[in-house]
Each structure stands twice: as C-alpha cells, then as structure tokens.
Amino acid sequence: MNQPKKNPSNGYLIVASKSKSFYYSALNLIESIKDYHPEADCCLVVDKDLTDDRAESVPDRTIYTELQGDYRAKLWGMWKTPYDRTLYIDADMECQHEDVATVFDELGVHDMMFTELNEKRDEAFKNRYFPAGKFEYNGGVCLYNSSNNKVLSFMERWWRLYTLQKRDEWWPTDPATGEWDLKSYGEREDQKWWDQFTLWYMLHKEDQWSDLSVGVFKDDARWNNYVNYDVYGLQPENPVVFMHHSASLNK
C-alpha cells in the first residue's frame with residue numbers, strides 16, 4: 001500500500017478487479033481526474049495480480065484486495081475507503097470537466113448520494129423492475145460520508161449481503177413459508193448479479209438504515225453520463241463531469 005504524507009478528508013475511490021481492462025481504465029480515470037483537479041487525492045483498490053508499477057505511482061494510495069477477481073469488489077472497496085468523505089467512481093469512466101473539484105459540496109446534509117434510475121432512462125437500463133419494486137439508484141457513482149460509522153456499516157453490509165446473494169446463499173423469503181420469495185422479488189437468475197437489488201432491499205426492508213439520508217445529485221447525468229445517453233436524448237443541463245464508457249468497454 002502507498003504511504004502518502006497527507007491524509008485528506010475528501011478523496012476519489014476507484015476499484016479495479018477481475019480484468020486488466022478495468023485496471024487500465026482505472027489508471028486512465030485517475031489521470032483524467034488529476035488533469036482537471038491536480039490536488040485530487042485518488043485511491044486505487046485493485047487485485048494485485050492485475051497490476052504493474054503504475055499501481056504505486058499513478059494513484060496517491062493503493063489498497064490491494066486479495067479477493068481473487070470478485071465480480072463486485074467495488075463494494076468491498078467502498079467499505080475500506082481511507083477518506084472521511086468519499087466519491088466512488090466506476091473504473092470505466094473518464095473525467096471531462098473541472099467541476100470535479102466541487103463534487104463534495106454536493107453531499108450537503110445527505111449521508112449518501114447516487115445518480116438516478118428513472119422512467120426517462122428505462123430504455124437505457126433494462127430489467128430494473130420486479131414485482132415488489134424497482135431499482136432506484138445507479139451504483140456507478142456514489143458520494144458518501146465515510147466518517148459516519150453507520151455509513152461504513154451500511155457499506156460493509158452491502159458488500160456481505162451481496163456476496164451471499166451472488167453465491168445463492170441468500171434471498172428474501174416469504175414470511176408465511178420461509179422459502180425464497182420468487183413471486184415478490186423475481187427469478188433469482190434475473191436479479192442475483194445486481195448490487196442495485198441488494199441496495200434496494202437494504203433501504204426498503206432493513207429498518208436499521210431508515211435514519212440514513214440518501215439523495216440524488218442535482219443534474220445527476222453530468223456526474224454519470226453513459227456513452228449511449230445521446231441515443232435516447234438524455235443529456236444533462238450542464239457540462240458532463242464523468243463520462244461512463246460501460247456500453248463500449250470490452251470487459
């Protein structure tokens with residue numbers, strides 16, 4: 001792990017796991033953030049076997065996961081953040097505007113902030129609906145108050161519950177039968193890979209998180225703008241800060 005001299009309260013967290021393409025993209029993302037915000041402090045969370053010497057020189061600090069290519073190592077990384085306030089950003093993104101330096105002002109009174117999944121974006125995001133509800137938040141960007149121990153507990157729970165979900169070891173149950181409730185929550189093969197489902201369940205079904213304030217970025221598409229948004233006319237009012245290349249990256 002890097003041992004930087006400074007320990008800033010605000011930082012940018014990028015996680016790269018499973019594929020070298022994510023590692024290369026993560027390095028590009030960090031460099032693009034520093035192009036527009038040279039004072040930014042960036043932490044790379046990465047599977048060590050993907051790295052070269054740039055893992056210690058490009059980011060300000062590096063945390064090695066030892067998770068052996070986990071599909072959602074990003075949740076583990078969000079829990080392990082070294083910052084008091086953290087902006088998590090998917091590795092397959094690129095910074096395009098100097099307003100990146102103002103992002104921590106967006107948190108305000110909230111504990112966590114996401115970009116939104118909504119009806120206008122249904123064509124761009126398939127399968128967000130299930131009988132009991134719908135995905136509401138996009139996990140590609142998350143700004144959170146990581147100095148709050150309850151927020152960190154939330155991140156740990158998100159990581160652990162999703163891991164059980166993905167391994168077929170957990171699913172919401174029918175109170176009447178104790179069996180997995182496929183009627184209310186949909187077929188597992190449709191939902192099991194989505195950390196958005198775990199997030200939805202925790203926020204709607206686990207009372208211990210009810211006092212956490214969760215918000216959506218103002219003009220949120222500028223903070224998580226997918227390359228396919230142009231096709232659907234989903235452009236923000238202000239210049240794009242983070243372009244998301246998810247639809248174009250060979251993962």
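Student: How many of the 11 residues of helix α6 are buried?

Tutor: In this predicted model, helix α6 spans residues 195-205 and is mostly covered. Among its buried residues are Phe197, Leu199, Trp200 and Tyr201. The number of buried residues in α6 is eight.

Student: Which residues are linked with Asp195 in a network of salt bridges?

Tutor: Asp195 is one of the buried residues of α6. Salt bridges in this model come to a count of 18. The network that includes Asp195 also holds Arg72, Lys74 and Asp90.

Student: What is the distance between the closest N and O atoms of Glu119 and Lys134?

Tutor: Glu119 and Lys134 form a salt bridge, with their closest N and O atoms separated by 3.1 Å. This pair joins distant parts of the chain, since Glu119 sits in the loop between β6 and β7 while Lys134 belongs to strand β8, 15 residues apart. Lys134 is partly exposed, at a relative accessible area of 31%. The distance asked for is 3.1 Å.

Student: Where in the chain is Asp211, the salt-bridge partner of Lys150?

Tutor: The closest N and O atoms of Lys150 and Asp211 are 2.7 Å apart. The two residues lie 61 residues apart, with Lys150 in helix α3. Lys150 counts as partly exposed at 29% relative accessibility, whereas Asp211 counts as exposed at 53%. Asp211 is in the loop between α6 and β10.

Technical notes
Residues are numbered from 1 along each chain as its sequence is written. This is a predicted model: local features need pLDDT of at least 70, side-chain atom pairs count only at pLDDT 80 or more; totals for chains, interfaces and linings use all residues. Side-chain values use heavy atoms; hydrogens and water are left out. Buried means under 20% relative accessible area, exposed over 50%, partly exposed in between (1.4 Å probe, protein chains only). Helices (H or I, at least four residues) and strands (E, at least two) are DSSP runs, numbered from the N terminus. A salt bridge is a side-chain nitrogen of Lys or Arg within 4 Å of a carboxyl oxygen of Asp or Glu.
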